[in-house]
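Welcome, and have a look around the model below.

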Amino acid sequence: MSKNNPVCLFFAALTVLFIYGCGGGGSTGSAPEANPSDIVAPQVTAKNPSAGATDVSVDALITATFSESVDSVTVNSSTFFVTGGTTATFTPAASLAPVTAFTATVTEDVTDLAGNPLAADVVWSFTTSGVPDTTAPTVSSTDPLDGAGDVDVADTISVTFSEPVEPSTLTSASFFIPGVTGTISLVGNTATLTPDAPLAFSTPFTATVTTDVTDLAGNPLDADVVWSFTTSGVPDTTAPTVSSTDPLDGAVNVGATSTISVTFSEPVEPSTLTSASFFIPGVTGTISLVGNTATLTPDA
């Protein structure tokens, strides 16, 4: 953006000092009543940072001190603002851009309690300290690695950057695998793509992170980062079987307090074990699964 774009200072980050009375002491109480005979325009008697100041902290507050009480309604982001830098808006916790000239303005729309406006806009400039970040972020690592094989079809895909990146630049257009939809999350410097469904078996995939991804200073990646991997295995098309039951089929003299269990030939999906898929007519109970063995424990 242009360095002349206006940058609004929200009032959680902007301190305006009110001094009640011309030459009087400061007050922390309510503002005095308006004096109908007051025809004197208020003045800005002090500014912080001062005009022409250099090496100003990027976390500095911008303040203006008036010669008399002013109408707080007239002090807002339209009458007290700063231009400069490359950021469109300041939020309360934001820092100013380093090594940047800023211009603060208090406009003549600010009035005292009698409605007298400033005689003219008050404008001053200052320069922040520090060194601007002009270094492009890089990709430190990927998971899976480029060229990896035998990747689990249920794995997530992640990329770790050399520095924090701007979360809003991580989208399905800047971090993607063609043909795969999913959710992108960012924890620390690592972005993770979690596919909506398992990937296809024994299939090559290519992941891409584009230059639309930037660091917090707005520096983009120097070039798109592209890597490939191949998923493992073949799909399981073999149906599970029941290896054994307890009690055995046809057993007699079974204890009245016995549980009923069934062991499968392979792990089964727990959610498919319900009172409708494993039951004894007329008997209610609780079903549990340990390893490949499901057990029905009667309620009585």
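The report below goes through these topics in turn.

## About the model

This is a predicted model, in which local features need pLDDT of at least 70, side-chain atom pairs count only at pLDDT 80 or more, and totals for chains, interfaces and linings use all residues. Residues are numbered from 1 along each chain as its sequence is written, and side-chain values use heavy atoms, leaving out hydrogens and water.

## A four-stranded sheet

Here 4 strands form an open sheet in the order β17-β18-β20-β19, with antiparallel pairing. Strands are DSSP runs (E, at least two residues) numbered from the N terminus, and two of them pair if DSSP finds at least two bridges between them.

Strand β18 (residues 260–264) runs antiparallel to β17, and 4 bridges join the two. Within this pair, Val-242 sits opposite Phe-264 of β18.

## Asn-292 in its loop

Between β19 and β20 (293–298) lies a loop that holds Asn-292. With a relative accessible area of 25%, Asn-292 is partly exposed, a class between buried (under 20%) and exposed (over 50%), using a 1.4 Å probe and protein chains only.

Beyond its neighbours within four places in sequence, Asn-292 has contacts that include Phe-264 and Pro-267, where contact means heavy atoms within 4.5 Å.

## Nonpolar cores

The largest nonpolar core has 20 residues, and Ile-157, Phe-161 and Trp-227 are among those touching the most other members. Such a core is a set of buried Ala, Val, Leu, Ile, Met, Phe, Trp, Tyr and Cys residues joined through side-chain atoms within 4.5 Å. A second, separate core of 19 residues includes Val-70 and Phe-126.
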